[in-house]
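Keep the 3D view open as you read.

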Amino acid sequence: MPNRVVHFEIQAENPERAIKFYQDTFSWKFEKWGENQYWMIMTAEKDSKEPGINGGLLPRPAKTPLHECGTNAFVCTMQVENFDETAKKILTAGGIVAMPKFALVGMAWQGYFLDTEGNTFCVHQPDPNAK
């Protein structure tokens, strides 16, 4: 059995604010799991053939690290069709730039952001002409 990532979790100081951020930015669907303070995250429709995984969101059990501390968890990367349009959505939804857009020469455009809860994530737009 391969050691693949099969689920991710986002911790949030304010779960409702985080849910709104990810809905507005990536159109993810959230469903509360029973009576728990836990929401399942569907990043694509149930029968989607696109590569990727689904995850969960929960209240952060400890104080949010300072922004200057760098990455505070595993960094999830979202592949998008248009980096610039996605970056605008992120900023409009309350996210901030952690590392501006840069080229992975001959492969993609990439950049890092912080969500409304201080979590680092990456946006990746494949582009063989990136330089």
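Two strands count as paired when DSSP finds at least two bridges between them. With that in mind, look at β6 (residues 96-104) and β7 (residues 108-114): 6 bridges join these strands, which run antiparallel. The model you are looking at is a predicted one.

**The overall plan**

The protein chain holds 2 helices and 8 strands. Read from the N terminus, the elements follow the pattern β-α-β-β-β-β-α-β-β-β. The radius of gyration is 15 Å, close to the 14 Å that the globule rule gives for 131 residues, so the protein chain is as compact as a globular protein of that length. Along the principal axes, the C-alpha trace spans about 50 × 40 × 30 Å.

Strand β2 runs antiparallel to β3 (residues 39-42), with 4 bridges joining the two. If you want a place to start, find K32, which stands opposite W39 in β3.

In the loop between α1 and β2 (29-32) you will find S27. The phi of S27 is near 60°, a positive value in a residue other than glycine.

**The sheet with β5 to β8**

Another open sheet, also of mixed pairing, has 4 strands in the order β5-β8-β7-β6. β5 (76-79) and β6 stand at the edges with a single partner strand each, so one side of each has no neighbour in the sheet. From one strand to the next, the twist averages 20°.

β6 and β7 form a hairpin with 3 residues between them, and G106 in the turn has a positive phi of about 75°. Across this pair, F102 stands opposite Q110 in β7. On to the next pair: β7 and β8 (residues 120-126) are antiparallel and joined by 7 bridges. There, A108 stands opposite P126 in β8. Helix α2 packs on this sheet, touching β6, β7 and β8, and its direction makes about 5° with that of β7.

| Strand pair | Bridges | Residues standing opposite |
|---|---|---|
| β2 and β3 | 4 bridges | K32 and W39 |
| β6 and β7 | 6 bridges | F102 and Q110 |
| β7 and β8 | 7 bridges | A108 and P126 |

**Where the helices meet**

Two packed helices are described by the angle between their axes and the distance between the axes. How do α1 and α2 sit against each other, and at what angle do their axes cross? The axes of α1 (residues 15-26) and α2 (residues 83-92) come within 9 Å and cross at roughly 155°. Angles over 145 degrees count as roughly antiparallel, which makes α1 roughly antiparallel to α2. The crossing of α1 past α2 is right-handed.

Which residues make this contact? From α1 come F21, D24, T25 and F26, and they meet T86, K89 and I90 in α2. Sorted by class, the contact has 3 nonpolar, 2 polar and 2 charged residues.

Terms used:
Residues are numbered from 1 along each chain as its sequence is written. This is a predicted model: local features need pLDDT of at least 70, side-chain atom pairs count only at pLDDT 80 or more; totals for chains, interfaces and linings use all residues. Side-chain values use heavy atoms; hydrogens and water are left out. Axes are lines fitted to C-alpha atoms, for helices over the stretch in contact, and angles run from 0 to 180 degrees between N-to-C directions. Angles under 35 degrees count as roughly parallel, over 145 as roughly antiparallel, 65 to 115 as roughly perpendicular and the rest as oblique. A crossing is left-handed if the near helix is turned anticlockwise from the far one by less than a right angle, and right-handed if clockwise. Contact means heavy atoms within 4.5 Å. Ala, Val, Leu, Ile, Met, Phe, Trp, Tyr, Cys and Pro count as nonpolar, Asp, Glu, Lys and Arg as charged, and the others, Gly among them, as polar. The radius of gyration is taken over C-alpha atoms; the globule rule is 2.2 Å times the number of residues to the power 0.38.
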